[in-house]
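Dear colleague,

I am handing over the structure below, and after it I set out what was found. Please read the notes with the model open beside them.

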Amino acid sequence: MLIGVASDTHGKLDSTLKAVKMFEGLEVELVIHCGDIGSPAVIGLFQALPTHFVFGNVDDQGPLEEAIRRAGQTSHGRFGSLELEGRRIAFLHGDDSTRFRQTITSGAWDLVCYGHTHAANLVRQGTTLVLNPGALSRASQHTVAVVRLPALDVQTITL
């Protein structure tokens, strides 16, 4: 199974559309958005792909919750979790440093996806793989990630 991971779109439609088209071309089965969505219009771009959203520190949750519901997508509030291909995955924006640190050090997750820093990063914390896909706005390079499950093979892609 191939999943896409994006973050920090901040309402930027052109780079988000590029990412969505790339995900579609790679035939990802599901997308995780790690927050700072920025605009209900961004949610509509993911319409063809099952997408799971969490909110970031700049997101106005009310209008975004409504847009996610109307699009038939899934909102997880400020913290999301999924089990896919036998892998436990958590995702959050990462602006709450205490919650982020607790999540990555708990040992409860195989993969933790986050955003906030606008910089792609991949590290191992004990048995947990910690992935920041980078950002689709407010970054010198716009990046996303794809993860092959259950192997947890990660590729960061510059758009």
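Helices (DSSP runs of H or I, at least four residues) and strands (DSSP runs of E, at least two) are numbered from the N terminus. This is a predicted model, in which local features need pLDDT of at least 70 and side-chain atom pairs count only at pLDDT 80 or more, while totals for chains, interfaces and linings use all residues. Residues are numbered from 1 along each chain as its sequence is written, and side-chain values use heavy atoms, with hydrogens and water left out.

D8 is buried, with a relative accessible area of 0%, where buried means under 20% relative accessible area, exposed over 50% and partly exposed in between, with a 1.4 Å probe and protein chains only. Leaving aside residues up to four places away in sequence, D8 touches several others, among them H33, D36, H93, H116, H118 and S137; a contact here means heavy atoms within 4.5 Å. The C-alpha atoms of D8 and S140 are separated by 13 Å, although these two residues are 132 residues apart along the chain.

Next comes helix α3, which spans residues 61–70 and in which L64, A67 and I68 are buried. These three lie on the same side of α3 because they cover an arc of only 100 degrees around the axis, the arc being that of the directions from the helix axis to the C-beta atoms. The buried residues of α3 pack against α2 (40–45), β3 (51–53) and β4 (74–75), whereas R69 and R70, on the other side of α3, are exposed. After α3 comes G72, whose phi is positive, near 75 degrees.

As for the chain as a whole, it has four helices and 11 strands. Its radius of gyration is 14 Å, close to the 15 Å that the globule rule gives for 159 residues, so the chain is as compact as a globular protein of that length; the radius is taken over C-alpha atoms, and the rule is 2.2 Å times the number of residues to the power 0.38. Along the principal axes, the C-alpha atoms fill a box of roughly 40 × 30 × 30 Å. Buried residues make up 50% of the 159 residues, and among contacts between residues at least 6 apart in sequence, 48% join residues at least 24 apart.

With kind regards
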